[in-house]
Amino acid sequence: MKHAAGPGEWRNWAGTATATPARRAQPRSEAEICAAVKDAAAAGLPVRALGSGHSFTPAAATSGLAMDLSLWTGVTAADTRTGLVTVRSGTTLRALNAALAEFGLALANLGDIDAQTISGALATGTHGTGARLGGLATQVEALDLVLADGSLVTCSASVRPELFTAARVGLGALGVVTAVTLRCVPSFTLAADERPMPVEQVIEEFGALAAANDHFEFYWFPYGRQALVKRNNRVPAGPAAAPMPGWRRFWEFEVMENAGFGTLCRLGRAAPRLIPALNRFSSVALSPRSYTDASYRVFVTPRRVHFVESEYAVPRESLPGVLAELRRVVPRLADPVMFPVEVRVAAADDIWLSTAYGRDSAYIAIHQYAGLPYRAYFDLFESVVAPVAGRPHWGKLHSLDAGRLGPLYPRFEDFRRVRAEVDPEGRFGNAYLGRVLGPAG
């Protein structure tokens, strides 16, 4: 195992969180993960597992032992009959998608970024979109994790079920996840249809659009009148996929959505007074496109323009009212908003700290280009979603603490109880967990 003292500064992708861990470990086996946790305990150091740094919060930050799982990767078991696949926790979603495709399997639902590790994505409650589908954690059948005493345990719906229910969205507070067993589905093709629609029409038809499509989402530029509506639906087995030609995929995703939009963002940062006009231009420039491809190639899009983000889950029926209020107040901000608002949906689930626990949900994600002022915008957003009991994404920026989060989650105290049982000394804690969960013991 690679083990270094004073490894230097850790920084997340967005640049919103930094830390200087006392030690960094790069284990290559479960035994080395167990040993690293025991060594940290003997030295009185807290432990945090590192993924890809795609959380906007300081969820992974630590001044103790940073457990870098980048060398602990790969699929270790795959049953094509049952769809059960076991993968090491440091594996990125990008690598997992490629490996599953070789087995003729796929994840039923995905978000639009595949740089995260599987364990990091689960820890913060990553989700995709689909009115009848849950987030990534609903696809988990079992977890292996190292507890604070260095022991390795397995949990599932039938083995240590409370630990399993807590750890599927566990914020890294219960232990270091070493392996994840997922229930996958046979590989499938999605027909992607993306086109602009008047934002008023999208909001008015929101419920019907969400119900009529396997995967539905839309983007709205705050000063524009058009929304980009994305409808992805499964294609029956048989017809060959008709993917976007390579040249057009490069033009659409790399040139237009990254290089071109990045140029507009830099112009807006240099001259903020131009942002509303640039935003409206981006809205008018939206164009339709349709293609079919393997599911993971449709779900995932490259994100090379850096931004900061906040996202809240709200009861699905409250979405039109929340968006109406957001549309009313955002133009009054002193600092204009360059990035679009993203809206997605998910089905209710029973995972204690899932943002969709017990209710069909709509997700509203707001963004601002890196380097532009965002705090007033994010505070305003929180004031809009608070009256409908909005729940913040655990990996995206928010100001809530345990006192405000507790009433939003019916099983919050059960999670805290399980945490106290498996980590009474708070070995896996940090300042962020102290804020959102309170003390471990």
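Predicted model: local features only at pLDDT ≥ 70, side-chain atom pairs only at ≥ 80, totals over all residues.
Val75 of the pairing faces Val87, which stands opposite in strand 8.

The hairpin formed by strand 7 and strand 8 has 5 residues between the strands. Within this hairpin, Gly83 adopts a positive phi near 85°.

## Largest pocket

The largest pocket holds about 720 Å³ of space. Its lining comprises 29 residues, of which Phe221, Met256, Glu257, Phe261 and Leu286 are the closest to the pocket centre.

At least two lining residues each come from strand 16 (226-235), helix 7 (246-270) and helix 8 (275-284). Helix 7 supplies the largest share of this lining, 8 residues. Classed by side chain, the lining of the largest pocket consists of 15 nonpolar, 6 polar and 8 charged residues.

## Second largest pocket

The second largest pocket contains about 420 Å³ of space. It is lined by 18 residues, and those closest to its centre are Arg94, Asp114, Val300, Thr301 and Pro302.

Helix 2 (93-102), helix 7 and helix 9 (295-299) are the elements that give two or more residues to the lining of the second largest pocket. Helix 7 again gives the most, with 4 residues in this lining, as it also provides the largest share for the largest pocket. By class, the lining of the second largest pocket divides into 8 nonpolar, 3 polar and 7 charged residues.

Terms used
Residues numbered from 1 in each chain as written. Heavy atoms only, no water. Pairing = 2+ DSSP bridges. 1 Å grid on protein atoms, 1.4 Å probe; cavity = no way out; pocket = protein on both sides within 12 Å on 5 of 7 lines; lining within 4 Å. Points joined across faces, edges and corners; volume = space filled by probe spheres on them. Nonpolar A, V, L, I, M, F, W, Y, C, P; charged D, E, K, R; others polar.
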